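Subject: Structure handover, aromatic pairs

Hello,

Here is the structure I said I would pass on.

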Amino acid sequence: ERQNFGEAVRADLQLPGPFRMVPTQAGGTQSLLQLAAGSDANLAAWRALPPLEGANRFSALAEGALVLATTDNAGDPQPLIVSRDFDRGRVLAVAFDSSWRWRMRGFDAAHKRFWRRTILWLAHKEDQAGENVWLRLAQRSFSPGAQLEFEVGAQTSEGAPIANAVFAAVVTG
């Protein structure tokens with residue numbers, strides 16, 4: 001299916017916004033949709049986010065697909081995040097593209113947390129979602145034998161710096 005440039009948005013392909021994304025009951029149990037501890041606090045955190053501007057419409061869901069998040073339209077919630085497990089792998093279909101607005105409206109921590117947890121969930125590393133260690137390189141490429149300068153840090157899952165964190169750097173060939 002195609003949406004041609006310059007034409008009116010096709011209702012059969014697009015969900016017009018604005019609307020908020022909310023986890024389904026199944027999605028509320030998944031680490032990638034945990035913005036706050038506790039189901040009530042988590043739902044409140046999702047409802048506090050700025051609305052999305054629109055999304056792609058799923059035309060059909062494959063057997064075994066699990067809807068993790070929908071629009072907040074009470075009468076007709078539409079899927080926004082759908083997952084499916086295949087053997088030891090995971091697939092995630094995300095229908096929206098305007099989550100960047102969360103960052104622009106003061107919800108940078110929630111934006112980072114959602115996308116970071118999504119990547120960890122896809123890699124079956126969701127048990128590491130509470131860890132938040134970072135490394136910043138002074139540059140991206142180095143000549144052989146060049147001095148390598150970098151910074152490291154750690155923060156809690158809420159974004160507070162961990163001042164007494166201890167790091168060890170190991171260089172391997």
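A search of the whole structure finds seven aromatic pairs. Rings of Phe, Tyr and Trp (its six-membered ring) pair if their centres lie within 6.5 Å; planes under 30 degrees apart count as stacked, over 60 as edge-to-face and the rest as tilted. Phe96 and Trp102 have ring centres 6.5 Å apart and planes at 40°, so this pair is tilted.

This is a predicted model, in which local features need pLDDT of at least 70 and side-chain atom pairs count only at pLDDT 80 or more, while totals for chains, interfaces and linings use all residues. Residues are numbered from 1 along each chain as its sequence is written, and side-chain values use heavy atoms, with hydrogens and water left out.

Trp102 is buried at 2% relative accessible area, and Phe96 is buried at 6% (buried means under 20%, exposed over 50%, partly exposed in between; 1.4 Å probe, protein chains only). Phe96 also forms a tilted pair with Trp115, at 6.3 Å centre to centre and 50° between the planes. That pair links distant parts of the chain, 19 residues apart: Phe96 is in the loop between β6 (89–94) and α2 (100–104), and Trp115 is in helix α3 (residues 108–122). Helices (H or I, at least four residues) and strands (E, at least two) are DSSP runs, numbered from the N terminus. Trp115 is partly exposed, at 28% relative accessibility.

Ring pairs join Trp46, Phe96, Trp102, Phe114 and Trp115 into a cluster.

Regards
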